[in-house]
Structures are given as structure tokens and as C-alpha cells.
Amino acid sequence: MLVESIVRQTLGLKDHRVLAVEEEGTALVARLELKHGRLLPCSSCGRRGRVRDRLEMRRFRHVPLWGMSVRLEYAPARVSCRHCGVKVERIPWARGKSPLSRPLVVVLATWTRLLAWEVVAKLFSVSWGTVRAAVKEAVDHGLRYRRLEKVLYIGIDEISRRKGHVYHTQVYDLLDKRLLWSGEGREAATLQRFFNELGPEMSRRIDAVCCDMWNPYIEVLKQQVPEATLVFDKFHLLRHLLEAVNDVRKAEARELRKTQPDLLKGTRYIWLKNPWNLTDKQRERLSFLERINLKVNRAYLLKEAFRRLWNYIHPGWAKRYLRKWFWWATHSRLKPIRDFAWLLRRHEDGVLAWFKTPLDNGATEAMNNNAKAVSHRAHGYRTAETFTLSLLHCLGKLALPKTVHRFV
Ligand SMILES: [Zn+2]
């Protein structure tokens, strides 16, 4: 009797009642029945109609109780709806044809935001497939009720799955700090898919986009959001420059291999770190190396000079400084630095756009780190769909379905 009332209360039953709870092996089966003479809501429109007939018995997996699995058993009714004709009733504890009760969906979805799917499956004695189905249902629900009207600034970034073998394009809402979309690939077609799903009306609301100087994305952005300001992310710019400095170091170390093999050994991070982050030992080494006329030192100084660009406030002055830096860089006789300078020159508008619209992908960096954690938790998801699902679930700030009783 007590278990029956727990089932009734936690499901918030109104038009239905618990006939009986029976043991079946190690499971509990709660048999549910209609209350007599009720009008039931139509699954299409929600208006109530008279019961016409009954369908076959269906089973729903429910939240386990004290480690015992719980099933709900019920034969759904078909109602005569005045607007839709004959329709299945809207079952209050599950969605559509789902074999999972809504509370179970919410419980599994809540824990999968914190734990690996395998662990959640074990905890609730369900299969991995059931966990996936629950996450899918929760994400579908969240996406259905998601509001996008206030998405003004988006940030585009990429992360890798399967130890860097597969790339995913990530689109973030920079104001709300949430993941909007994720898709396998980093081609023009990948980003195009995002805009197809977003639709032209929502795309028009976007004021600015922050991303890397990556031509496939830039092409799509020019087509899809021609009015939006394109700002190149300063963290990506610096990353390109750091790679160039590192390339200069590697080339020079190769040149010095015969004459002074130890001179540049172990100096990689000295050249790449911010000067104020150096350890005392590294600072000492740097001040020694600075006295020798090294190529990598020239590259280092150009990197530090480039960083000062963001101290400017006025766009005009920033532009003059950038042009000056371009001259230094192109006259540095350091090929990687020169290549970077030309890359900047080709994308100058987007680099300088920052001084009018100071956006960067700093916030997405933190989210990308979370995304990596999500990916590690599952040892790298096997399929793009599951990976995307998990990312949206953990980073999309999506609302979970509501339940009458708080199970977790
Ligand atoms: Zn209807």
C-alpha cells in the first residue's frame, strides 16, 4: 500500500491511479489504470476528449527504488478529440513513444552532467543505450524550449575528438556563455549547417562574430551574416604568432646543432610564456640569451611588441601601430614571422574590428576545456552524434523537463 502511494504521489497522478504494485523477480511493477469516467487530454492538441478505446499494454522504465528496478505498466487510451479526431491520450509521466518515464529521464540526465555515462548506467542498473536515450530526450526537450532571440554575439571555435583526429566546430553564445551548436568537421559546409539550422530570421539578429582567421568560416560568415561585424579572436592571433616564434626557435636550434647544441636547449617556454610568468631561473636564462644576437630573440621581441597592440584604445592609433609592426615583422628576415604578418595584413579589418567591438573567445576557452573534460569522461565518443549530444547537454545550459517530484 505504501509503495503504491509513493508511486502515485511522485508521479502526480490525477487522471490515473495505481492498481497494484507487484514483485516480478527483482523488479517492482506498478500497474496503472485510468480513473473511471475521465476526459483525457489529446496528445496532439491537449484538449480533453472522451475515451474511445485502449491500446496494448506498454511498459515504462521508472526510477529505481532502493536498488530495485521499477516498471510502470499501462494500456494507453485513445480519445476522440473534437479537433484532431481519434488520438492517443497525452500520458503525463512520459513523452510520446518513449519507454522511459520522465522522472527517469531527468534523473539520468542530471547525473550524466557530472559523471561518465557508463558510471550512470551502472548506478541505475540500466544499459548505456538507455542512458543515451535519456540524454537525447532531455536535450531534445531543452532545444525545443531554448530561446535564441538574445543571441547577439557568437564565437566560433574548434575542438578535437578522438585525440585530435576528428575536429568539431563549436558555436558559442558569447553573452550567455553557452554552447549553441556543435558539428563534426571544420569546413565551410560545417558552419553552413549551423546557419541552416538557425534560420535566416535568427541569423539576422547576430551583431558580431568572433573567430579565427580561417577562410572556410569567413566565406560562410560573409554570406550568412553580411551585416555582422567580424572580429578575429585575439587569443587565436597570439597562438598563431607563438607558433611562428616556436618555428623560428626550432629552425635556429637546428642551425646551431653543430656549433652550440646546448644554447637553445630547454628554452621553448622561455620564448612563449608571458614575461611576467617566467620563473627566476627562466628570467636569468632569458637575460643571458638576450645579449646574444639570436633570431629567436628577435622573434620574441616582435611577439612582445605585437601584444602591445591591445593597449591602444583609439582604432586609428591601433591601425598605425599595426602597420608599424607589420613593417618591422616583414623586415625581420624571419620567415615564419613574415608569413604571420602577411596573414594579419590580409585580415586587417577583422583584427582592427576589436577596437570597436572588443569581443574575444576567452569565455569559450573555459567552455572548450569543459568540452575536453566531457570528451575524456567517455574516452572519446565513438560517434559525432553522441559527442554533440553530450556537449550540448553539458555546455548548452538547456532546461530539463519538469517533474512533479524532485528525484535528484
Ligand atoms: Zn486534439
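Biologist: How are H2 and H4 oriented to each other: roughly parallel or roughly perpendicular?
Modeller: In this predicted model, the axes of H2 (residues 102-112) and H4 (residues 128-144) cross at roughly 95°. Angles of 65 to 115 degrees count as roughly perpendicular, and H2 and H4 are therefore roughly perpendicular to each other. Their axes come within 8 Å.

Biologist: Which residues make the contact?
Modeller: H2 contributes Leu 104, Val 105, Leu 108, Ala 109 and Thr 112. From H4 come Val 131, Ala 134, Val 135, Glu 137 and Ala 138.

Biologist: And how many of those are nonpolar, polar or charged?
Modeller: In the contact of H2 with H4, eight residues are nonpolar, one is polar and one is charged.

Biologist: Let us turn to the whole protein. How many helices and strands are there?
Modeller: The protein has 15 helices and 13 strands.

Biologist: Is the protein a compact globule, or more spread out?
Modeller: Its radius of gyration is 29 Å, whereas the globule rule gives 22 Å for 408 residues, so the protein is more spread out than a compact globule. Along the principal axes, the C-alpha atoms fill a box of roughly 90 × 45 × 30 Å.

Biologist: What domains does the assignment give?
Modeller: The domain assignment gives domain 1 (1-98), domain 2 (100-233 + 363-408) and domain 3 (235-355). The C-alpha centres of domain 1 and domain 3 are 67 Å apart.

Biologist: Finally, what share of the residues count as buried?
Modeller: Of the 408 residues, 33% count as buried.

How values were computed:
Residues numbered from 1 in each chain as written. Predicted model: local features only at pLDDT ≥ 70, side-chain atom pairs only at ≥ 80, totals over all residues. Axes fitted to C-alpha atoms, helices over the stretch in contact; angles between N-to-C directions. Helix = DSSP H or I, 4+ residues; strand = E, 2+ residues; numbered from the N terminus. Parallel < 35°, antiparallel > 145°, perpendicular 65-115°, else oblique. Contact = placed C-beta atoms within 7 Å. Nonpolar A, V, L, I, M, F, W, Y, C, P; charged D, E, K, R; others polar. Domains from an automatic or database assignment. Rg over C-alpha atoms; globule rule 2.2 N^0.38 Å. Buried ≥ 20, exposed ≤ 12 C-beta atoms within 10 Å, placed from the backbone.
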